[in-house]
Every structure is written in structure tokens, then in C-alpha cells.
Amino acid sequence: MLGFVVNMYDSRKGHAAWSSLDEWQKIGESPVLAIVPELKDQREAVRVKQSLLVHAPYGEQPEVMRTVARRIST
């Protein structure tokens, strides 16, 4: 097990969102590799039927995904 990637995270969703993230981070052996925030870019990419990396290649979400790819490929 490499770890967790928390996708579409939005701390504004309250206790359930941030308490779940806290618990995942406490696991220790399988750290949270990345937190992909919930942003409009991902929803827009789905709506126009493009990959996120094509639709918004320089946004925050694609950068997090590149970071994950680098971590798991080394």
C-alpha cells in the first residue's frame, strides 16, 4: 500500500470532511500522499468531456496529480 490520495476535498463541508482527513493522516504507515482540492476545473473538465490535464493543465489539481505520479514512480 502506497498511501492515500484524498480527492475532491473541501474543508468547508464541515466535520465529516476534516475529521476523516485527520484520521487518514494518523494511520502513519500509509500516509496521505496528496490532497486534491475540490475546484471548478475538475467539474468543468467532466462537463466538456476532457481530461483535467487537457482542460486546465496548469491548475492546482493537475499539479497535485503530477506530484503523486512522481512519488509513486520513484
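The model is predicted, so local features are given only at pLDDT of at least 70 and side-chain atom pairs only at pLDDT 80 or more, while totals for chains, interfaces and linings use all residues. Residues are numbered from 1 along each chain as its sequence is written, and side-chain values use heavy atoms, with hydrogens and water left out.

Begin with the protein chain as a cartoon: four helices and two strands, which are DSSP runs numbered from the N terminus (H or I of at least four residues for helices, E of at least two for strands), follow one another from the N terminus in the order β-α-β-α-α-α. The C-alpha trace spans about 35 × 35 × 15 Å along its principal axes. Of the 74 residues, 31% are buried, where buried means under 20% relative accessible area, exposed over 50% and partly exposed in between, with a 1.4 Å probe and protein chains only.

Next select helix H4, whose 14 residues reach 20 Å from first C-alpha to last, close to the 20 Å expected at 1.5 Å a residue (the expected span being 1.5 Å times one less than the number of residues). Its buried residues are Gln61, Pro62, Val64 and Val68; seen down the axis of H4, these fall within an arc of 155°, so they line one face of the helix, the arc being that of the directions from the helix axis to the C-beta atoms.

Within H4, which covers residues 60–73, pick glutamine 61, which is buried with a relative accessible area of 0%. A polar atom of its side chain lies 2.7 Å from the backbone oxygen of proline 37. Leaving aside neighbours within four places in sequence, glutamine 61 is in contact (heavy atoms within 4.5 Å) with Val36, Pro37, Glu38, Leu39, Asp41, Gln42 and Leu52.

Move along H4 to valine 68, buried with a relative accessible area of 12%. Not counting residues up to four places away in sequence, valine 68 touches Val5 and Ala34, and its C-alpha is 9.9 Å from that of phenylalanine 4, 64 residues apart along the chain.

Finally, select Val6, Tyr9, Ala17, Leu21 and Val32, the five residues of the largest nonpolar core, a set of buried Ala, Val, Leu, Ile, Met, Phe, Trp, Tyr and Cys residues joined through side-chain atoms within 4.5 Å. Strand E1 (4–9) and helix H1 (15–26) each supply at least two residues of this core. Centre on leucine 21, which touches Val6, Tyr9, Val32 and Ile35, again not counting residues up to four places away in sequence.

Key: A polar contact is a pair of N or O atoms within 3.5 Å; within protein, one must be able to donate a hydrogen and the other to accept it, and residues adjacent in sequence count only if both atoms are side-chain atoms.
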